[in-house]
Amino acid sequence: MDPCRLNDVAFDVASSAGWYSAVAGLLAGFAFVAVLLPLDHDSDPEGERETGHAVVVFISAFFSLLVLSLTYAILAGRTGGGTADGVAAHEQMVNGAAFGLSVLLLLFGLRAVLGAYGKNRHVFDSARSLVLVVTSLLGPAVLLALQFSNALDVERYRAGAEGGVTCDTMGMPAGVWLNLAITALALIAVFGLALARRRLPTWETAPELIAKTVLGLTIAFVGWSSIVVPLL
């Protein structure tokens with residue numbers, strides 16, 4: 001097998017997972033506090049709809065981040081080496097997607113709350129525009145970049161495993177270039193959606209649907225990485 005440049009980018013998944021667990025728990029606390037914000041708030045009917053959507057978004061983000069905090073804490077204990085490294089790298093990649101989407105949910109809910117404060121809502125117009133850019137463009141771009149980085153750890157394990165893949169293109173396995181192509185296409189799709197956002201249809205219940213979908217994906221990812229992957 002040809003020398004693999006991935007051997008020079010070794011990464012300690014277990015050590016990183018411990019910090020992710022702490023950050024996820026901290027963000028879950030922020031989400032829980034945000035749920036309580038509308039309790040003593042008076043707003044017009046339009047603002048009440050925005051606030052109702054925000055509450056669902058924050059509750060979904062809270063449960064998602066709480067589950068991820070526990071999952072990352074378990075991942076931090078995968079220090080056995082060998083096959084355990086491959087399981088840890090895969091679990092890191094799957095959890096990373098759920099973690100990134102949950103963080104975007106927090107920003108999504110924040111934008112809804114900023115638009116629900118009655119007479120003062122116009123004060124937050126600039127902030128809401130900034131949150132929209134971060135949530136729909138910059139945040140997804142960062143998430144895709146981090147997911148590509150996580151994919152490198154999976155490919156590194158595959159290249160280092162017995163009978164692993166061949167690193168024949170610029171010292172990298174074919175899987176790296178495939179993941180890079182997928183990341184590039186996803187980035188193009190994100191920027192394309194951002195440019196065409198005014199032409200896309202909108203639904204009043206879209207925030208709640210998105211929030212519940214992210215929570216469902218988190219539960220599915222955790223079930224996959226905790227039950228299915230260790231048995232494969």
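Tyrosine 20 is partly exposed, with a relative accessible area of 28%. That value comes from a predicted model. The residue falls between the two cut-offs, because buried means under 20% and exposed means over 50%.

Across the whole structure, a search finds five aromatic pairs. One of them joins tyrosine 20 to tyrosine 72. Their ring centres are 5.0 Å apart and their planes meet at 15°, so the pair is stacked. Planes under 30 degrees apart count as stacked. Tyrosine 20 sits in helix 1 (residues 13-35) and tyrosine 72 in helix 2, so the pair ties together parts that are 52 residues apart in sequence.

Is tyrosine 72 buried or exposed? Tyrosine 72 has 2% relative accessibility, so it counts as buried.

Tyrosine 72 also forms an aromatic pair with phenylalanine 99. This pair is edge-to-face, with 6.1 Å from centre to centre and 90° between the planes. It links distant parts of the chain. Tyrosine 72 is in helix 2, phenylalanine 99 is in helix 3 (residues 83-114), and 27 residues separate them. Both tyrosine 72 and phenylalanine 99 are buried.

Which residues do the ring pairs link into a cluster? They are Tyr20, Tyr72 and Phe99.

## Serine 69 in helix 2

Helix 2 spans residues 45-75 and also holds serine 69. At 12% relative accessibility, serine 69 is under the 20% cut-off, so it counts as buried.

What does serine 69 touch, leaving aside residues up to four places away in sequence? Its contacts are Ser21, Ala24 and Gly25.

## Valine 214 in helix 6

Valine 214 belongs to helix 6, which runs over residues 206-231. Its relative accessibility is 8%, so valine 214 counts as buried.

Valine 214 touches Leu101, Ser102 and Leu105, again not counting residues up to four places away in sequence. Take serine 102 from that list. Valine 214 and serine 102 are 112 residues apart in sequence. In space, they are 6.9 Å apart, C-alpha to C-alpha.

Technical notes: Residues are numbered from 1 along each chain as its sequence is written. This is a predicted model: local features need pLDDT of at least 70, side-chain atom pairs count only at pLDDT 80 or more; totals for chains, interfaces and linings use all residues. Side-chain values use heavy atoms; hydrogens and water are left out. Helices (H or I, at least four residues) and strands (E, at least two) are DSSP runs, numbered from the N terminus. Buried means under 20% relative accessible area, exposed over 50%, partly exposed in between (1.4 Å probe, protein chains only). Contact means heavy atoms within 4.5 Å. Rings of Phe, Tyr and Trp (its six-membered ring) pair if their centres lie within 6.5 Å; planes under 30 degrees apart count as stacked, over 60 as edge-to-face and the rest as tilted.
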